[in-house]
Amino acid sequence: MKLKMVLVFLSGVLMTGCAGGEAPTAEPAEVVGEATQGLCSSNCQCQPGNICSAGRCVGVLVPGPPAPNACTADCHCKDVPGTYCSAQEGSGAVGNCTKPQIILINDRGFPACGSNGSVAHPSPGAFLRVMISGKPGASVVKYNRHASCGPAAIWWKDTGISGSVIPASGTLTFSYPTSAPMACDTPNLGGWENYVVVGGLTSDVTRFSFYNSSCGGGLATCTAAYNYCPPTGACNGLGCP
């Protein structure tokens with residue numbers, strides 16, 4: 001009788017072992033967040049290149065090659081320091097993480113190395129146009145330096161532009177027409193460097209020169225004017241461009 005009981009006990013142990021040993025315990029249910037489910041309330045809860053639409057993350061078809069740092073909100077640019085998303089939240093567009101930018105163009109309407117003061121540039125033309133791109137609604141501070149005058153040139157705040165706000169288009173433009181040619185002794189002739197801070201983000205430094213082809217010498221071309229400093233020295237502030 002005892003032998004039979006032992007055999008029954010061993011049989012039960014062996015059957016339990018064949019079934020996988022200890023009885024399986026229930027695994028805790030995986031907690032799935034909004035991002036995993038594809039649910040959202042803003043673009044920041046979606047992957048870069050996707051937008052939040054009707055409470056769900058959806059992809060956006062973009063013609064051409066993908067942007068190097070695609071984004072649909074500023075939060076997608078946290079790993080690209082100093083940048084903002086060129087596409088605005090709610091626009092339904094895909095943008096790129098980019099720095100603010102300042103572009104200076106001459107009367108021909110395209111980026112160039114400088115502007116020629118030997119002739120007048122009346123409105124609607126302009127001796128100089130300044131184009132600043134950045135996040136709409138962000139404030140602008142612009143800095144200039146008469147770089148062709150070397151160490152004597154200091155960075156100074158351009159009060160004529162600083163305090164302006166980037167419009168909804170994303171580009172702020174200032175035009176400077178002239179009614180007469182510039183004299184050869186104009187104190188702001190020469191080479192300049194400029195940069196802007198837009199909404200706390202800093203652009204790269206750009207170079208541009210003011211020259212006068214009728215004056216000859218160091219003012220004959222925009223390239224030569226990069227190294228020209230007027231006899232009056234560096235133009236460090238008021239009265240400068």
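The charged end of arginine 207 sits over the ring of tyrosine 226, 4.4 Å from its centre; this label requires NZ of Lys or CZ of Arg within 6 Å of the ring centre and within 35 degrees of the ring normal. The model is predicted, with local features needing pLDDT of at least 70 and side-chain atom pairs pLDDT 80 or more, while totals for chains, interfaces and linings use all residues. Residues are numbered from 1 along each chain as its sequence is written, and side-chain values use heavy atoms, without hydrogens and water.

**Aromatic pairs**

- The structure holds five aromatic pairs, defined by ring centres of Phe, Tyr and Trp (its six-membered ring) within 6.5 Å, with planes under 30 degrees apart called stacked, over 60 edge-to-face and the rest tilted.
- The rings of phenylalanine 127 and phenylalanine 210 lie 5.2 Å apart at their centres with planes at 50°, so this pair is tilted.
- Phenylalanine 127, in the loop between strand 7 (114-116) and strand 8, and phenylalanine 210, in strand 14 (residues 206-211), are 83 residues apart.
- Phenylalanine 127 is buried at 6% relative accessibility, and phenylalanine 210 is buried at 3%; buried means under 20% relative accessible area, exposed over 50% and partly exposed in between (1.4 Å probe, protein chains only).
- Phe127, Phe208 and Phe210 form one aromatic cluster.

**Sheet**

- Three strands make an open sheet in the order 6-8-11, with antiparallel pairing; strands are DSSP runs (E, at least two residues), numbered from the N terminus, and two of them pair if DSSP finds at least two bridges between them.
- Strand 6 and strand 8 (residues 128-133) pair over five bridges, and leucine 104 stands opposite valine 130 in strand 8.

Technical notes. Helix = DSSP H or I, 4+ residues; strand = E, 2+ residues; numbered from the N terminus.
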